[in-house]
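Biologist: Could you walk me through this model, one question at a time? I would like to begin with how the chains meet.

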Amino acid sequence: MSRDLLTIAGRDLPSRLLVGTGGLPSLDILERVLKASGTALTTVAMRRVTTDGPGSLLDTIRSAGVEILPNTAGCRTAGEAVLTARLAREALGTDWVKLEVVYDDHTLLPDPVELLDAARQLVDDGFVVLPYTNDDPVLARRLEAVGCAAVMPLGSPIGSGLGVRNPHNIAMIVEAANVPVVLDAGIGTASDAALAMELGCDAVLVASSVTRAADPELMATAMRQAVEAGRAAHLAGRIPRRWHAQASSPPLDL
Amino acid sequence: MTIQLNGSPCHLASGTTIADAVARLTANTDGIAVARNGEIVRRHDWSSIALNDGDTLEVVTARQGG
């Protein structure tokens, strides 16, 4: 498995792990997390300027050699998300966007109606749209049909750490998709990321599970290894599940 | 005149440009974008566009986020 690259919108990415930057106490730790994770793509949010020094976060990410993926976190409507994506494009010089349109703060679940509307508008405006979506196989196909460059279904609610609650739906999304599937949200620990990859996801995005771990740098390493292991296991082809035992040693012949 | 600058009222002399208003918030404009009344204003236009009374100006940048 020498060059098993993730390709999104024609761009080859050397890592199948995407990392969110939210929740880390310092830029020094962020830099160490990015390096340990091996990620090639990291998310940032767009917020009002409040004080001097907005460049330091960007400097940290750039010096780590990682590409920036702005998100539209906090947006509730298609209109808000489209404006936020356009602000991000102007501010950061990228037409890639992780599209988030959530329904409420309690669940942070995607609003499928607003999400699809925003995705359509942004694709038409030339964006490479990576939508954070529900684990809904039909919505994933709808998002692909309007031109999204990937689909990013949740494993479980953002920050919940509940892992992949509906592996069957994730597998159905993977089965139908002609664009990369990135498991986004809900990862709690390394085995969750490995499971997502074993199900056939092309990549995993982690944020809280790393940034709020007791040792973020070590968890970033664990996630990198889990994604690599899960990918390898997926490609290797697991054995079928059996109800009864099947000996791996030859039959007894003394 | 009074504009809404990042959600707060801000009193400015008439003729104040977008570049002037941004400078009130930050000296470092790397990674910053501006929307005036809900429309993006390209960076190269900041110094040539004067604000009007009642304008809403949003000045945003990247922050840590998932």
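Modeller: Gladly, and let me start with the area, keeping in mind that this is a predicted model. Between them, chain A and chain B bury about 2400 Å². Of that area, the share on carbon and sulfur atoms is 54%.

Biologist: How many residues does each chain bring to the contact?

Modeller: Both chains can be counted separately here. Chain A gives 34 residues to the contact, and chain B gives 26 residues.

Biologist: Thanks! How many residue pairs are in polar contact between chain A and chain B?

Modeller: Counting pairs with both residues at pLDDT 80 or more, the two chains have 13 residue pairs in polar contact. On the side of chain A that touches chain B, the elements giving two or more residues are β4 (41-48), α2 (55-63) and α3 (78-92) of chain A. By class, that side of chain A has 15 nonpolar, 10 polar and 9 charged residues. To come back to your question, the number of pairs is 13.

Biologist: Let us turn to R36(B). Is R36(B) buried or exposed?

Modeller: R36(B) lies in strand β3 (residues 32-36) of chain B. Leaving out residues up to four places away in sequence, R36(B) touches several others, including I18(B), V41(B), L51(B) and L57(B). Its relative accessibility is 18%, so R36(B) counts as buried.

Biologist: With which side chain does the side chain of R36(B) make a polar contact?

Modeller: Among the residues that R36(B) touches are N52(B), D55(B) and T56(B). The polar contact between side chains has a distance of 2.9 Å, and the partner is D55(B).

Biologist: One last stop: which residue with a positive phi follows α7(A)?

Modeller: Helix α7 of chain A spans residues 190-198, and its buried residues include A190(A), D192(A) and M197(A). Among the elements covering the buried residues of α7(A) are β9 (182-184), β10 (203-206) and α9 (216-236) of chain A. After the helix comes a residue with phi near 110°, namely G200(A).

Methods:
Residues numbered from 1 in each chain as written. Chains lettered and ligands numbered in written order. Predicted model: local features only at pLDDT ≥ 70, side-chain atom pairs only at ≥ 80, totals over all residues. Heavy atoms only, no water. Contact = heavy atoms within 4.5 Å. Buried area = accessible area lost by both parts, 1.4 Å probe. Polar contact = N/O pair within 3.5 Å; in protein donor to acceptor, adjacent residues only side chain to side chain. Helix = DSSP H or I, 4+ residues; strand = E, 2+ residues; numbered from the N terminus. Nonpolar A, V, L, I, M, F, W, Y, C, P; charged D, E, K, R; others polar. Buried < 20%, exposed > 50% of the residue type's maximum accessible area, 1.4 Å probe, protein only.
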